[in-house]
Amino acid sequence: MARKLADIEEGRVVRIVNVKCGNGEKRLLCEMGLAPGRAVEVLLKGSVVVVSVGGSKLCLSREVAEHVIVED
Amino acid sequence: MSETSKLVRVALAGVPNAGKTLIFNLITGARARVSNWPGTTVEKRVGYRWHRGYRLEVVDLPGAYSLTAWSPEQEVAARFLVEEKPDVVVAVFDATNLEKSVYLALQLLEAGHKLVVALNKIDLAEGLGVEVDHWELSRLLSCPVVPMVATKALGLRELLDAIIDAYERGEKPAPPRYSGLAGELVEKLEAAVKSEESLGSLSSRRLAVGLLENDPYSLSVVEKTGASRVKRELEEARLECGGDCSLVVSKARLDLASSIASRVEKRRAAPLRRLSDLVDAAVLDKHLAVPVLLTVFWALFVFAFRASEPLVELADSAVASLAEALAEALPESALSMLIVEGVLPGVGAVLALLPVLVFFFLGLAVVDDSGYMARVSGLLDPIASRAGLSGRSTLPLAVCLGCNVVGVKAARVIPDARERLAAILAAPFVSCPARLPVYVAVSFAVLGGSLAPVALMYLLSFLVVLGVAAGLRRTLLSGGLRPLVVELPEYTLPAIVNVKNFVVDRTADFLKKAGTLIVLASVGVWALLSVGVPEGGTVESSLGARLASVLEPLFAPLGFDWRLVLALVSGFLAKEVVVAALAVILGVGEEGVIEGLREAMDPAVGLAFMTFVLLYTPCVATVAAIWSETRSVKWALFSIALSLLVAYSVSLLVYAVARAMVA
């Protein structure tokens, strides 16, 4: 089931299905490792969301995490 | 120079936190010529090294995840690589974060650069149970790979040899091939580029990929030469991608980077729960994050302002005794007055500031180098983004509460040049302790000694800082602020070389610029207050008083008479001077200032005066710091103009409101 990355519980691994934003932002996120098809582990959730993707750790604002659609 | 001494131009590229600066320092012996990239405020570092009869000229490119021009820094790096065509590009890899490093390397290979990979941090990777097969990596990227531990200077010789070997070999590496749609598109477009004679001199692969990725340089080349077949192919490719091919290409590159990274990483153990993750669980915790952040900021403050205290006192007393000794030794003359009353106080102010600066840079370098700074920017981003800034700007601005000069210098931790400039220009509006005596004196004189106006100044300061930053970010310095995605590097012990360099560079630069400017300004203000004054005469007949009288009509709407104006003129030197200057101008002792002020102002004028003192140029040292940080006289002058304009208009508003409330 498709959900927002911001709503995923800590410790879960999910797969990105879509990033909802303009092309420029999409490309920026892609260069940082966030693109459809990629596996993401949610490490921490607080005022920011910390995820592990492709071997690196990224800190996303909640706003960004709201726009990343993932599925189990 | 001997016959074999040929110049090899080397560019260092790498993702942030890969250890690029450290490797630059290792190669060049930490002797860099620092300047600005033409037309920008992005710092350019160039260093040299002799190796095997060659003279290596090493340029440190700004750290970036890709060659896409997201920020002035990245634009600079991309433009340099295209226009200057360095002989060899060294890609510094972070062995603990291979995928991102490989992504950048693929872009560099595509652009046709002769690449040498410096595979750094192999010790950290091993600590995490990961071994990187550097032979396989070298085969997959078709370029030499040198394993390194830069913190221990391991692999430096091999890296230098590899650079020279690559230079001598002279052949270009094979560009990467993508599978799927991206591969097809690149191939078709490359064929079109090759068929176009007018584009003959350019790397066909670089141009083809550049066009697909909407790179402005590539697009303009095709536009200029009017290569019609290339344009047609590009249109078709765009149709196939649904309008924009850049995503298709970036995604293909990411997939390739990911597959290369997983093929060369040999995990010896299941990935451990990394130590950094445990630290982050506390540092970024919902409840602990803010207390931890405040503690770190507070510790930095205490370290900078308290630990340096003995040295500050030492500097103070040294200057005082020097002044005394000089006053005795020199015959009484205009020159000795100039030195003792004009030059020494200014020099003393710089010297007294120096220990604070050094201690602060030391603390800041440690916080930055350890990896905590990246966390700060994540945590504070939601707040700062309202003023068009990122979380990184909050620390320098908070530091300004202790000293504007230190805050301006601390802005160095803000990676984006435009945002950094906005923060630097907003910094002088933060109320530093030097303004406090003025608030207090005015409050006691005409506002019943209440603390409320003092608190009001801090509130006003907060609002103006946000307003100025937001205003600048929407006009002159717009762009660069992106959806927040920061990489959180592994926590590490700070590298001594980096910390030392950070401190030494900043301090030396400040001394050079601040020294000259402050001495000049000190002499200027001293001259204003003493030229034209006859023996035993008062300040009223001085050049400054006459100047202030000329300016008086301008300040009449604020209710300031010439005496207050003259105090403001001398306060340009430093806000610490204002109360003392008032005492001299009002013809009272420093204890009598409050009495004297009562006669010179009423409550409304008092509030307007406090506001003006809060908002106009805090001190010459800040101007000097802005000058040395932006490396631009223009921005330093802009800061003065901006602060005068803001001070005047806000004071006018405060005065009008206060008048209306009294009436």
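1. In this predicted model, the largest share of the lining of the largest cavity comes from α2(B), which supplies 3 residues. Two elements of chain B, β1 (6–14) and α2 (72–84), each give two or more residues to that lining.

2. The largest cavity holds about 60 Å³ of space, and the structure has 3 cavities of 30 Å³ or more. Among the residues lining the largest cavity are Ala13(B), Gly14(B), Gln74(B), Ala77(B), Leu81(B) and Leu104(B); by class, the lining has 8 nonpolar and 3 polar residues, with no charged residues.

3. Turning to the interface, chain B and chain A bury about 2900 Å² between them, with 62% of it on carbon and sulfur atoms. In chain B, the residues that lose the most area to chain A are Trp70(B), Leu247(B) and Val485(B), which together account for 20% of what that side buries. The contact involves 35 residues from chain B and 32 residues from chain A.

4. Across the same interface, 14 residue pairs are in polar contact, counting pairs with both residues at pLDDT 80 or more.

5. Which elements of chain B supply at least two residues each of the side that touches chain A? They are α3 (98–110), α11 (246–264), α12 (275–283), α16 (372–384) and β10 (485–487), and α11(B) gives the most, with 6 residues. By class, this side of chain B has 13 nonpolar, 9 polar and 13 charged residues.

Note on methods. Residues are numbered from 1 along each chain as its sequence is written. Chains are lettered from A and ligands numbered from 1 in the order in which they are written. This is a predicted model: local features need pLDDT of at least 70, side-chain atom pairs count only at pLDDT 80 or more; totals for chains, interfaces and linings use all residues. Side-chain values use heavy atoms; hydrogens and water are left out. On a 1 Å grid over the protein atoms alone, a cavity is a set of points where a 1.4 Å probe fits but cannot get out, and a pocket is an open set with protein on both sides within 12 Å along at least five of seven lines; lining residues have an atom within 4 Å of a point. Grid points are joined across faces, edges and corners, and a volume is the space filled by probe spheres set on the points. Helices (H or I, at least four residues) and strands (E, at least two) are DSSP runs, numbered from the N terminus. Ala, Val, Leu, Ile, Met, Phe, Trp, Tyr, Cys and Pro count as nonpolar, Asp, Glu, Lys and Arg as charged, and the others, Gly among them, as polar. Contact means heavy atoms within 4.5 Å. Buried area is the accessible area (1.4 Å probe) that two parts lose on being put together, summed over both. A polar contact is a pair of N or O atoms within 3.5 Å; within protein, one must be able to donate a hydrogen and the other to accept it, and residues adjacent in sequence count only if both atoms are side-chain atoms.
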